Amino acid sequence: MRRSFKFSTSTVRMAELAAVPTVARVRSRRRETHDTWTLSIDAGEFAFQPGQFNMLYAFGIGEIPVSLSGDPVAAGPLVHTIRAVGDASRAITQLKVGDPVGLRGPFGTAWPVADSTGSDVLVIAGGLGLAPLRPAIYRLFAERERYGQVALLYGTRSPADILFRHEIERWRRRLDVSIEITVDHADLAWHGHVGVVTRLIDRAIFDPDHTVALVCGPEIMMRFAASALRTAGIAPECIYLSMERNMKCAIAQCGHCQFGPVLICRDGAVMRYDRLQPLLTAREL
Amino acid sequence: MPAAQRSVLTIAGFALLVDALRARAYRVIGPTLRDQAVIYDDIGSLADLPRGWTDKQEAGQYRLTHRDDNALFGYAVGPRSWKKFLHVPEQRLWRAERSAEGMHVVAEPEPAERLAFIGVRSCELRAIAVQDRVLIEGSHPDPHYRARRKAVFVVAVNCSEPGGTCFCASMETGPRAEGGYDLALTEIAADEEPRFVVDIRSEAGAALLRELPHRDATSDEIAAAETVIAEAARKMGRTMPAAAEVPALLRRNLDHPRWEEVAGRCLTCGNCTMVCPTCFCTTVDDIPALDGSVSEHVQRWDSCFAMDFSYLHGGSVRASPRSRYRQWMTHKLSTWWDQFGSSGCVGCGRCITWCPVGIDITEEVAAIHATDSSKA
Amino acid sequence: METRGLDRLICEHAFFAGMSPDHCELIGGCARNIRFDKGAYLFREGDPANEFFLIRHGRVGLELIAPGRGPVRFLTLNPGEIAGVSWLVPPYRWLYDAQSLELTRAVAIDGGCLRQKAENDHDFGYEMMKRFMTMLVQRLHAAQLQILDVYGTHG
């Protein structure tokens, strides 16, 4: 059975395709920071929800899970933001325009964007965590009138590590969203906040009884952010985290992404904090 | 079952059963004797079976000894399970071919092999059903496992001689074979002229039996078969304590001091995961050819005891032996329920027998139960 | 007149929320209004830690200079927060720089004066300690997170 990068959308084929990659092509690449790139990939017709991920394949090396970081409603190539931390991610970030890349997906659960209409929404991103949240941000901004207060709180290592900087500056020009950025440390050219992202939660404006929080970043940061959100009075059922574990198959058959009772490829990555809280406090789970 | 529906197969008839399956182009797998253990492998005829042998199993111990009779199936289970043939240890999933025009991905075709299993015990039937749930009843069925599974012909055997580490009765997975087979045999009269009382479960089983010399079972023979099964349930070597409460017990005892204690003994060798008939974890290797023209994507068995099983961000999430032992045992007995709606354990006892230091999960559960740190 | 206005500013400041008017008056006796232009330093590393500052308007950055690395800012403080904790414990010396990032209005409070009043009136001292302890615990937790460099790659 040969596959090129066009594929049918029948249900049976989709189930099979989830196990075998299609071949897509890199349409464009952009360097975001010293170790992070955004690749847009032509994969034909492809629908996804904000928060979902694909398995991208680097020839001869292997597959890695990569969050979709583009607008789920926009037609055109699929946008992925990748940090080069290992052999496969490094190889994928070095692909050139026109290069083939293997692709399987989309997998995983979605940010509850449609279900949060009528609520205030806090989007809390740490480091690379802004990438899996960006599709949700696009949807929130596109249908702004359906939500209450909307705020993006973004923490990262230093000003040089700010992702999507120009886009954030464009977002900042909107009058109807609050965007606060903080860094762990900075030189004096930075005039913004310095300190942990949880400090931004203390200063954000929202009604804790009618707020949904979407949180994505390193696990330590998510734990402390969730704790600060709880202290601020938001119920655990209204807080969503995007979890991460080792992943090989993405179809709930290899066992690697287990997190206690949860299979992150199937029950996550986006999960509700009421379910996660007892698991997050267990060490080495 | 009414007497009219049960037949008796003699040893001669059983020999013809094996021949008939081979004549139908099945690859026949059954118990053989190798390396001082009962190992499921290809069998050509009745002569390949470990007739007249039995096993003595204890924690960390396995010995074969001669029986006083000629029973064909007078032993329990050995280190190999049927997963070796269904969820095979190594399976190419696809290969990527690279050329000037780009890349093509070629999926591995489904296997055409037809397998016939002889001597599948009740715990093993349940184990196969457990793996079915994981591998073909989810949203992305594994086509290779499914193809082998759909084509397999199963001759089950009701245990007459449970092992010292068996606990299927307390797990409610045996000793009687309840389904998932084509024919089930209960060996009776092993001390005189061994023969089999046959249960038929499928059309294919009925069709095969029709080709073999058989007769109706007498009421004595049926009673003898029932006695074998009842005795087997009585002779279990072990029990899983309070089996119905185990999932919740382990869920609320993730910090029990027993985990540290068992970690002091566990070598994290992973034997338990290799012999367990339900362990399904795999990893993938990418194997490029030296000239870079093709790369194979090959799935192989993995174990949660491996250090890099939980590798993330430069290290393992489960680095300590304590966390890895806890992962295996709580997955098998507790979180498997959350993930797949059943227990992962079928009470076959292999993990107890083949652990080099004799760790016994029934004993570990009992220890946690005894000092349960917080009642439900 | 000025003192009563200061007392009220102190009592209205988020850090001293819930303080009794009498206690605010005690603090007011050690306090004065102060403003810092953008770029001015509230205090510098090594100087005696005589005063601390309630930030009313503006923003303050805490910084350290590392050789070869230049000044590194590790915390920004906003209205409602306190700049300066080294006045609480001997040797009463500032351990880093505090720079005004924009025009900042503050209430400067004499540390020595306040320590003496706390010695004389333990109820007052306890009210002060409760508030400072809460802030210090929060700063400590935040600093721990920053040390972990959660956004970095490790291993």
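Tutor: Let's start with two side chains, B:R92 and B:E296, which meet in a salt bridge at 2.3 Å, N to O. By salt bridge I mean a side-chain nitrogen of Lys or Arg within 4 Å of a carboxyl oxygen of Asp or Glu. Keep in mind that this is a predicted model: local features need pLDDT of at least 70 and side-chain atom pairs count only at pLDDT 80 or more, while totals for chains, interfaces and linings use all residues. As for bookkeeping, residues are numbered from 1 along each chain as its sequence is written, chains are lettered from A and ligands numbered from 1 in the order in which they are written, and side-chain values use heavy atoms, leaving out hydrogens and water.

Now zoom out to chain B, which is divided into domain 1 (3–234) and domain 2 (243–370); those bounds come from an automatic or database domain assignment. Taken over C-alpha atoms, the centres of the two domains are 25 Å apart. In the join between them, 42 residues of domain 1 are in contact with 40 residues of domain 2, where contact means heavy atoms within 4.5 Å. About 3400 Å² is buried between these domains, with carbon and sulfur atoms giving 61% of that. Buried area here is the accessible area (1.4 Å probe) that two parts lose on being put together, summed over both. On the domain 1 side, B:K83, B:V134 and B:F167 supply 17% of the area buried against domain 2, more than any other three residues.

What about the polar side of this join? The count between the two domains of chain B is 2 salt bridges, plus 29 residue pairs in polar contact, both residues at pLDDT 80 or more. A polar contact is a pair of N or O atoms within 3.5 Å; within protein, one must be able to donate a hydrogen and the other to accept it, and residues adjacent in sequence count only if both atoms are side-chain atoms. The elements giving two or more residues to the domain 1 side are β4 (53–58), β5 (61–66), α2 (83–86), β6, α3 and α5 (168–171) of chain B. Of these, β6(B) has the largest share, 9 residues. Helices (H or I, at least four residues) and strands (E, at least two) are DSSP runs, numbered from the N terminus.

There's a nonpolar story here too. The largest nonpolar core has 109 residues, and those with the most contacts inside it are A:I124, A:L241, B:Y325, B:W328, B:M329 and B:I361. Helix α3 (residues 122–135) of chain B gives the most to this core, with 7 residues. Both domain 1 and domain 2 of chain B contribute residues, so the core lies between them. For the record, a nonpolar core is a set of buried Ala, Val, Leu, Ile, Met, Phe, Trp, Tyr and Cys residues joined through side-chain atoms within 4.5 Å. Buried means under 20% relative accessible area, exposed over 50%, and partly exposed in between (1.4 Å probe, protein chains only).

The side chain of B:S323 makes a polar contact with the side chain of A:E284 at 3.5 Å. Within chain B, a polar atom of the B:S323 side chain lies 2.8 Å from the backbone oxygen of B:S320. Leaving aside neighbours within four places in sequence, B:S323 is in contact with A:E284 and B:R318.
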